[in-house]
Amino acid sequence: MSDAVAPVVELRDIRRDYAVGDAVVHALRGINLRIERGEMVAIMGSSGSGKSTLMNTLGCLDHPTSGSFLLDGVAVEALDDDARADLRNAKLGFVFQGFNLLARTTALENVALPMLYDRHARFADPDARARDALSRVGLADRLTHLPNELSGGQQQRVAIARALVTEPKLLLADEPTGNLDSHTTVEVMALFQALNDQGLTVVIVTHEDEVAAYCKRSVRLHDGEIVSDHPVVPKRAADDLARAPAVVST
Amino acid sequence: MKATRLIGLALRSIRRNPGRSALTMLGVVIGVASVVVMVAIGAGAQAEIQARIDNLGSNMVVITPGAATPGGVSGGAGSFNRLTTDDAAFIAREAQLVSAVTPVVFTRTGISAGGLNWRSTIYGVDTSYQQIRAWQTESGRFFTTEELKSNRKVCVLGATVVKSIFPDQDPVGQTLRLRDVPFEVIGVLATKGQTAEGTDQDDVILAPFTTVQTRLAGHQFIAQLLASAWSESEIPAAMDEVRVLVRESHGLGDRDPDDFQVKDQRQLAQAAQGTTQVMTMLLSAIASVSLLVGGIGIMNIMLVSVTERTQEIGVRRALGARRIDVLAQFLVESIVLSGIGGLAGAAFGTGIAAGLGRLTGWATVVEPSTLGIAMAFSVAVGVFFGWYPARRAAALDVIEALRHQ
Ligand SMILES: Nc1ncnc2c1ncn2[C@@H]1O[C@H](COP(=O)(O)OP(=O)(O)O)[C@@H](O)[C@H]1O
Ligand SMILES: [Mg+2]
């Protein structure tokens with residue numbers, strides 16, 4: 001379905017209404033958004049502005065009330081529950097604020113998890129791929145560690161490895177640095193930038209300007225509408241790390 | 001997802017929480033073990049009864065006096081005993097389908113010899129009794145037709161009587177007194193053990209019926225006639241023939257009802273077998289309840305597990321698991337839990353049945369089919385009680401599940 005010209009994301013007039021009692025909350029009111037391959041987009045906005053709702057739409061987790069959504073050329077609104085699960089597996093990588101690693105499960109097993117649900121058996125050796133993904137995030141020596149044996153930054157890097165392992169078209173990160181200290185935040189942003197440099201399209205929901213400053217484009221939501229959308233000249237997280245060497249080891 | 005993967009997933013999840021998993025399985029372990037033990041006791045009892053039926057005698061038919069009544073009680077107003085030695089002789093002479101027949105006269109009496117006393121049942125029988133009951137002599141011999149005809153005071157002892165009266169000596173050739181009448185011991189019977197009802201078959205003395213009738217019983221009452229059909233398949237035909245012959249011997253008209261009953265050994269044994277079967281079923285049913293309780297335990301823990309692992313479910317769904325994958329995961333986990341519980345229960349049950357057998361002397365038989373059925377049941381319990389929690393897991397909303405703390 002994907003070809004060179006298709007954008008990774010194309011949202012047209014996306015609306016999402018929630019019925020709350022007798023009232024209707026308009027969480028998204030006609031979102032139009034196009035994200036090309038290789039972009040790194042920050043989605044900003046105050047609490048309640050609709051960021052999570054937009055993220056759930058992009059993540060094929062939620063049904064918009066109306067509008068059309070093409071993900072890498074695939075019309076998502078036409079798909080049923082199973083097909084959307086398959087699409088998530090094939091095209092998306094998720095990074096959550098709370099890491100959401102499986103407890104009492106090794107880093108390696110956590111990273112291999114998405115390949116368990118790969119119906120096309122795209123990857124011959126899931127175990128080797130999981131190792132490879134972990135070394136890409138700098139955790140080659142933490143394969144058999146359990147989440148509670150890892151620092152927050154390391155846990156988030158395991159989660160990023162898990163998001164990477166299936167070679168997604170789009171990496172979605174919802175407040176990925178929300179639970180991290182400022183130094184670790186920069187480290188994680190350096191990792192996102194490195195992955196983006198390798199061609200991965202990244203969308204990050206954040207309310208921190210500091211995080212958005214590492215992205216190439218900033219989209220601001222207010223009350224379910226896009227109120228601003230402009231390119232940014234990103235700071236380089238790697239440079240910031242070089243200037244301020246680690247105080248706290250991750 | 002492949003079944004092997006699902007089972008691997010389930011095993012990993014079970015290992016992740018070994019204490020709880022063990023507790024969850026415990027109910028099924030106990031349930032399956034008790035079913036196995038109960039069935040083993042029942043099967044053992046039945047096997048024993050079968051063995052005793054087999055040594056009752058070869059193709060034996062039993063004729064008892066008195067008409068059959070709806071209540072099953074024989075006799076009644078106007079009916080009197082008409083079974084005689086003549087009937088036995090008539091059957092012996094006329095029957096085509098009967099290989100042997102003997103009257104049985106019995107009386108309980110005191111026995112004494114060498115200062116020792118005992119009470120036992122004296123059976124007055126024909127020489128053919130040995131063949132009909134398929135009863136070997138262990139030493140000595142059975143009495144002969146000549147001894148029978150001349151009312152000789154000879155007897156053959158069962159093992160229990162020997163133990164009581166001649167504890168330390170060879171009884172053959174000795175004399176004992178039955179109600180003060182001296183009898184010569186000419187043989188000892190092989191051990192037969194207990195009947196299905198628990199009577200000691202070896203607590204017996206056999207003597208010629210002629211002697212018993214004249215010397216001991218003091219009456220001509222014949223408790224029963226025993227006959228042997230030529231083969232097992234001919235038992236029904238032999239029973240019909242015996243019935244016709246006894247009616248003829250009794251001079252009954254066409255309209256007269258039978259004043260006797262003819263039964264075969266299986267009919268006699270059926271009651272005992274039936275009781276054991278009902279007992280086994282009852283005990284198994286009670287044991288099954290504990291299996292059911294074990295299943296409810298699994299459902300309980302699985303429901304807790306689904307709640308606890310809501311976020312895990314959300315993550316799996318986000319990463320591409322379909323609802324059916326989640327359903328399968330939890331269902332297989334429940335089945336594996338109960339399956340392992342069933343295996344452990346089958347092993348425990350087998351051990352307990354063996355131990356119980358050794359401890360109490362009961363025969364316990366653990367048949368492979370019992371283990372198979374127990375395993376199948378525990379898997380069924382896993383499916384049945386795992387279904388609802390698994391459905392709950394699969395029905396969760398992804399977004400809410402992801403948000404769950
Ligand atoms: N499941 C829901 N049911 C009802 N209202 C909701 C639901 N999810 C979000 N909303 C409402 O939609 C609006 C946008 O929410 P959200 O997308 O979570 O914003 P943000 O992530 O920017 O804080 C808010 O007013 C919120 O109350
Ligand atoms: Mg939010």
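Biologist: What is the relative accessible area of Asp223(A)?

Modeller: Asp223(A) has 41%, so Asp223(A) counts as partly exposed. Under 20% is buried, over 50% is exposed, and partly exposed lies in between (1.4 Å probe, protein chains only). This is a predicted model: local features need pLDDT of at least 70, side-chain atom pairs need pLDDT 80 or more, and totals for chains, interfaces and linings use all residues. Residues are numbered from 1 along each chain, chains are lettered from A and ligands numbered from 1 in the order written, and side-chain values use heavy atoms, leaving out hydrogens and water.

Biologist: How do I read a phi value, and what is phi for Asp223(A)?

Modeller: Most residues other than glycine have a negative phi. Asp223(A) has a positive phi of about 55 degrees. Asp223(A) sits in the loop between strand 9 (217–222) and strand 10 (225–231) of chain A. Helices (H or I, at least four residues) and strands (E, at least two) are DSSP runs, numbered from the N terminus.

Biologist: Where does Glu167(A) lie?

Modeller: Glu167(A) is in the loop between helix 5 (152–164) and strand 7 (170–174) of chain A. Phi of Glu167(A) is positive as well, near 50 degrees. The relative accessibility of Glu167(A) is 48%, so Glu167(A) is partly exposed.

Biologist: How is an interface sized, and what area do chain B and chain A bury?

Modeller: The size is often given as the accessible area lost when the parts come together. That loss is summed over both parts (1.4 Å probe). Chain B and chain A bury about 2,300 Å² between them, with 54% on carbon and sulfur atoms. Of the area that chain B buries against chain A, Arg16(B), Leu319(B) and Arg322(B) supply 31%, more than any other three residues. Counting contacts (heavy atoms within 4.5 Å), chain B gives 22 residues and chain A gives 24.

Biologist: How many salt bridges run between chain B and chain A?

Modeller: Side chains of opposite charge can pair when their charged atoms come close. A salt bridge needs a side-chain nitrogen of Lys or Arg within 4 Å of a carboxyl oxygen of Asp or Glu. There are five between chain B and chain A. Arg322(B) and Asp86(A) form a salt bridge at 2.3 Å, N to O. On the side of chain B that touches chain A, helix 1 (3–16), helix 10 (310–318), helix 11 (323–360) and helix 13 (398–403) of chain B each supply at least two residues. Helix 10 of chain B gives the most, with six residues.

Biologist: Which salt bridge in chain A involves Arg220(A)?

Modeller: Arg220(A) pairs with Asp209(A), with the closest N and O atoms 3.8 Å apart. This pair links distant parts of the chain: Arg220(A) in strand 9 and Asp209(A) in helix 7 (residues 209–212) of chain A, eleven residues apart. Arg220(A) is partly exposed at 34%, whereas Asp209(A) is exposed at 54%.

Biologist: Is Asp240(A) buried or exposed?

Modeller: Asp240(A) is buried, at 15%. Asp240(A) forms a salt bridge with Lys235(A) (3.6 Å, N to O). Lys235(A) is partly exposed at 37%. Elsewhere, shared partners join Glu10(A), Arg12(A), Arg34(A) and Glu36(A) into one salt-bridge network.

Biologist: Which residues surround ligand 1?

Modeller: Take residues with a heavy atom within 4 Å of the ligand. Among them are Tyr18(A), Val20(A), Gly48(A), Lys51(A), Ser52(A) and Thr53(A). A backbone N or O atom of Lys51(A) lies 2.9 Å from an oxygen atom of ligand 1.

Note on methods:
Buried area is the accessible area (1.4 Å probe) that two parts lose on being put together, summed over both. A polar contact is a pair of N or O atoms within 3.5 Å; within protein, one must be able to donate a hydrogen and the other to accept it, and residues adjacent in sequence count only if both atoms are side-chain atoms.
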